[in-house]
Amino acid sequence: MTEKKQLKYDKAYLKMAREWGKLSHCKRKQVGALIVKDRMIISDGFNGTPTGFDNCCENEDGATKWEVLHAEANAILKVAASTQSCKDATLYITLSPCTDCSKLIHQSGIKRVVYANPYKDLSGLNFLEKAGVEINYLPYDE
């Protein structure tokens, strides 16, 4: 695929991830993720509480509850419960991954991450680069 065509797809998938993030019940941050392989969306996710838990993501002080799952973790877990594989896939995410999610991304076989906004701690991105995962920062353009 040409670089120009890839950029067009990257922007489209990131916009879809942003829309998916709007499904999150979190008040502080709504994060969306898509996993794409061979130009097919094989999984999606947004940040939120585990299945069967109250949808409220923040405690009474406004801090995120510890049990909240990140968007990319939810997307990877959906793939794990399916017949698909993340091997050589691309993760599109609205916020760059934290360190814990970066380990899941690498271990799942995802080879490329495209993100729209940097997380306050860039250690996750540094880990992924060290692991040989291609990282692309692509801010939204409206």
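This is a short talk on a few places in the structure above, starting from one annotated residue.

Hi everyone, and thanks for coming. Please keep in mind that what we have here is a predicted model.

Let's begin with Glu72. The UniProt record, an unreviewed entry, places the feature "active site" at Glu72. As the record's annotations may be inferred rather than shown by experiment, please take that label with care. Where does Glu72 lie? You will find Glu72 in helix H2, which covers residues 71-80. And is Glu72 buried or exposed? Its relative accessible area is 3%, and the cut-off for buried is under 20%, so Glu72 counts as buried.

Who are its neighbours? Leaving out residues up to four places away in sequence, Glu72 touches Ala33, Leu91, Ile93, Pro97, Cys98, Cys101 and Ile105.

Of its 10 residues, 7 are buried, so H2 is largely enclosed by the rest of the structure. The buried ones are Ala71, Glu72, Ala73, Asn74, Ala75, Ile76 and Val79.

Next, the aromatic rings. How many aromatic pairs does the structure hold? There are 3, and I'll take you through two of them. In one of these, the ring centres of Tyr9 and Tyr13 are 6.2 Å apart and the planes sit at 35 degrees, so this pair is tilted. Both residues belong to helix H1 (residues 3-21), and they are 4 residues apart, about one turn of the helix. Tyr9 counts as partly exposed, because its relative accessibility is 24%. Tyr13 is buried, with a relative accessible area of 8%.

Tyr13 also pairs with Tyr92. Here the distance is 5.0 Å centre to centre, with 40 degrees between the planes, and this pair is tilted as well. Why does the pair tie together parts that are 79 residues apart in sequence? Because Tyr13 lies in helix H1, while Tyr92 lies in strand S3. Tyr92 is buried too, with a relative accessible area of 2%. Put together, Tyr9, Tyr13 and Tyr92 form one aromatic cluster.

What about empty space inside? Rolling a probe the size of a water molecule over the atoms shows where such space is left. The count comes to 1 cavity of 30 Å³ or more, and about 50 Å³ of space lies in the largest cavity. Its lining is made up of Lys11, Leu14, Lys15, Arg18, Leu138, Pro139, Tyr140 and Asp141. By type, that lining divides into 4 nonpolar and 4 charged residues, with no polar ones.

One last stop: His25, in the loop between H1 and S1. At 48% relative accessibility, His25 counts as partly exposed. The residues touched by His25 are Asn55 and Cys57, not counting those up to four places away in sequence. Looking back along the chain, Asp10 is 15 residues from His25, and their C-alpha atoms are separated by 26 Å.

To recap, we have a buried Glu72 in a helix that is largely enclosed, and a cluster of three named tyrosines, Tyr9, Tyr13 and Tyr92.

Conventions:
Residues numbered from 1 in each chain as written. Predicted model: local features only at pLDDT ≥ 70, side-chain atom pairs only at ≥ 80, totals over all residues. Heavy atoms only, no water. Helix = DSSP H or I, 4+ residues; strand = E, 2+ residues; numbered from the N terminus. Buried < 20%, exposed > 50% of the residue type's maximum accessible area, 1.4 Å probe, protein only. Contact = heavy atoms within 4.5 Å. 1 Å grid on protein atoms, 1.4 Å probe; cavity = no way out; pocket = protein on both sides within 12 Å on 5 of 7 lines; lining within 4 Å. Points joined across faces, edges and corners; volume = space filled by probe spheres on them. Nonpolar A, V, L, I, M, F, W, Y, C, P; charged D, E, K, R; others polar. Phe/Tyr/Trp six-rings, centres within 6.5 Å; stacked < 30°, edge-to-face > 60°.
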